[in-house]
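Hello,

Here is the structure you will be working with. Please look at it first, then read the notes below.

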Amino acid sequence: MQVQSLIGPVLARTFGSLPSVAAVSAVAAIVGFAAPAHAELIYSGPVSITIPNNIDGIYLNVVTGVSGVSGGAVPGWDINPYSAAAGMFNLWGPTTTTWLSPSGVIGGPYPLATGAEVGSSGLYFRPGGGTNIAPQLTLNAPNYFGFRFTNEATGGATNYGWLEVTFGASAADRAITGWAYDNAGGAVFAGVVPEPSTVALWLAGLAGVAGFAARRRKAQEAAEA
């Protein structure tokens, strides 16, 4: 969505040949309307999906948002956090290169700092039951994990995403509370979500300008009739 490239044509259609078109377009350029950051970032929004404290855990298709607890029965599932034993926390996936390890080793640690990059430059593993990452977690807080997956909605392209899991007083008390991925295959940054409010405010302002212009045009047409 190239907002800046749309401003001129929209204002021209709105104002016609009024002299203010050039002025308003210039102001828009100075202000710097541009494509929103993370234009391809898909965000789940706040959710609450309990992760059972057992070996099945939760299977999640991050594209459709469908989840389930029955051994991979979720079509196109991408990630599967679970417990190899009660009180543990383990990470699984459909491939051996699903979860980002910032340190570049299969033992982790896997939790990411807020804003950490998840992209093609990292090393990804499937630690499974041999790596209990419960000791790495921050309890009573959200923890971020990076992952990559094959996006069936984009012809099988590799996409990168982050998962937010909020833990309670123990590793056994946890829920998925959000995730995001870049639909164009670019890097994402842990915990960073789109800011639709900025675009919404701009569109609301543009709608107000358009309404004013329409009323002014009608008044001019009535005066010339």
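**Strand S12 and the cores**

Tyr 43 stands opposite Ala 180 in strand S12; strands here are DSSP runs (E, at least two residues) numbered from the N terminus. The model is predicted: local features need pLDDT of at least 70 and side-chain atom pairs count only at pLDDT 80 or more, while totals for chains, interfaces and linings use all residues. Residues are numbered from 1 along each chain as its sequence is written, and side-chain values use heavy atoms, without hydrogens and water.

Which strands pair with S12? Strand S1 (residues 41-43) does so in the antiparallel sense over three bridges; two strands pair if DSSP finds at least two bridges between them. Strand S2 (residues 49-50) is also antiparallel to S12, over two bridges, with Ile 49 opposite Ile 176. S11 and S12 pair in the antiparallel sense over seven bridges, and Leu 163 has Trp 179 in S12 as its bridge partner. A hairpin of six residues joins S11 to S12.

Nine of the nine residues of S12 are buried, so S12 is largely enclosed by the rest of the structure. Buried means under 20% relative accessible area, exposed over 50%, and partly exposed in between (1.4 Å probe, protein chains only).

The largest nonpolar core has 24 residues, and Val 62, Phe 89, Trp 99, Phe 145, Leu 163, Ile 176 and Trp 179 touch the most other members. A nonpolar core is a set of buried Ala, Val, Leu, Ile, Met, Phe, Trp, Tyr and Cys residues joined through side-chain atoms within 4.5 Å. S10 (141-151), S11 (157-167) and S12 (174-182) each supply at least two residues of this core. Another core, of eleven residues, lies apart from it and includes Leu 41, Tyr 144, Val 188 and Ala 190.

Regards

Technical notes:
Helices (H or I, at least four residues) and strands (E, at least two) are DSSP runs, numbered from the N terminus.
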